Amino acid sequence: MSSPDVVPSPAPTAVDTAAAVRAGTTTAVAETRAALARIADLDPALGAFQLVRAERALAEAAAVDARVAAGEHLPLAGVPIAIKDNIPVAGEPMREGSAATSAEPRPADHEVVARLRAAGAVVVGITRVPELCVFGTTDSVYGTTRNPHNPDRTSGGSSGGSAAAVASGMVSVAHAADGMGSIRIPAANCGLVGLKPGSGLVPADMGAHSWFGMSENGPLATTVADAALVLSVMAGRPALAEVAAPRPLRVGLATGIPTPLATLAPEWKAAADRAAATLRAAGHEVVDLVIPYPADPLPVLARWFAGAADDAAHEGLDVRRLEPRVRAHVRAGRVLRRLGGLRPGPVDRLRARVEAATADVDVILTPGLAKPGPVAEGWHRRGWVANLRANIGYAPYAALWNLLGWPAAAVPAGWHDDAQVPLAVQLVAHPAADGAGEALLLSVAAQLEAASPWARIADPAATVG
């Protein structure tokens, strides 16, 4: 460990690390040692990691170096990566932020973990989540995860541990998962690129049924190129790693509020307006767009609640051992299931309305959040209603696209001077089975990155201060 006054250099990009390992100018073992040193220095203040795999990661890195020496071309050669604690990693427990889950090691890797390892990535640790990944703030009986830009505030949820690990520079990229915004919300909080794929592009297979198909696995990264590289491996589609300039597009700017429970703060609206101006200057047509957000939130809320209930049953959990807020969530899910809240008809009608409203735009642009994320501490001890109001009030823009299965991404878009956290926008594309929607989002995100570069890593003084 370095001295308390010295923070190790942040992780280089995944693209650069993999290229250097393949070229022989560094090794997977060296990069893994460096990542473990950064974790040892920075994680005590941020609480990003549930578990650090120091010895096992170094052994796996040595195996990657042997593969490179044998001539294998590995897209993620020697890249240290973190895995969110909601998919299995062979030989490690999967706690899902809950003391009610089993501490026994899982017997096999999730398919996404297997693909990352096959591509040469080294799993250095498993990152924290709120209990059963339910909420948009990451704290639990295991501790609180903090925003590296401002540790008084949350890193978001439920992929808050992964976001804190990347935004602080402990690792360059991380696995995340998104059922109601759980990639994009932490990305927006922490100034990262986070992409939720559309349905079917990346293997999901989380919990009982991936929250009725709303949950997807995807990347968190500090650059668009890194996000594209990791997504290409997760999806098994190498072409996604090549981010091309988009053709002239019609972009729909949608800053309307999805719910009366939220109010859009001016800083977040201004960020969306600036991003729209940037895209207009790049040659795209930008038009105002009204999204027909559902007046009745029951279709998405019922699946959120019942998804957690089914996951608890799938894992055989004793509900009495869950946090009070999660117990209430699970019970509400059971009630709404009995009352018919999971009927497909309302979702089908909503899908038709959204498709009609967005038919003449290629990309939708919304604010990333409605306001900055709340304070980091204590949410797992607060009541269910308080958590619902806080989550919906600050992060209302994400969930619709989970319900519909459309690809969506969060992209950094400036700085909030008062809250001392990044700003962000959300990009959404129409779904396509071949990954064309995800490729389009990455290309537009790359234009925003080129025109308005962001700081890759939080100021170390904020992280350790």
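A nonpolar core is a set of buried Ala, Val, Leu, Ile, Met, Phe, Trp, Tyr and Cys residues joined through side-chain atoms within 4.5 Å, where buried means under 20% relative accessible area with a 1.4 Å probe, protein chains only. The model is predicted: local features need pLDDT of at least 70 and side-chain atom pairs pLDDT 80 or more, while totals for chains, interfaces and linings use all residues. Residues are numbered from 1 along each chain as its sequence is written, and side-chain values use heavy atoms, without hydrogens and water.

**View 1. The largest nonpolar core has 113 residues.** Leu76, Leu116, Ile364, Trp401 and Leu427 touch the most other members.

**View 2. Trp304 pairs with Phe135 and with Phe305.** Rings of Phe, Tyr and Trp (its six-membered ring) pair if their centres lie within 6.5 Å; planes under 30 degrees apart are stacked, over 60 edge-to-face, the rest tilted. Phe135 and Trp304 are edge-to-face, at 6.3 Å centre to centre and 75 degrees between the planes. Trp304 and Phe305 are tilted, at 5.6 Å and 35 degrees. Trp304 has 4% relative accessibility and therefore counts as buried. Ring pairs link Phe135, Trp304, Phe305 and Trp384 into a cluster.

**View 3. Helix α11 (residues 324-338) packs on helix α13 (residues 384-394).** The angle is about 85 degrees and the axes are 8 Å apart; axes are lines fitted to C-alpha atoms over the stretch in contact, with angles from 0 to 180 degrees between N-to-C directions. Arg325, Ala328, His329 and Ala332 in α11 meet Trp384, Asn387 and Leu388 in α13 (contact: heavy atoms within 4.5 Å).

Technical notes:
Helices (H or I, at least four residues) and strands (E, at least two) are DSSP runs, numbered from the N terminus. Buried means under 20% relative accessible area, exposed over 50%, partly exposed in between (1.4 Å probe, protein chains only).
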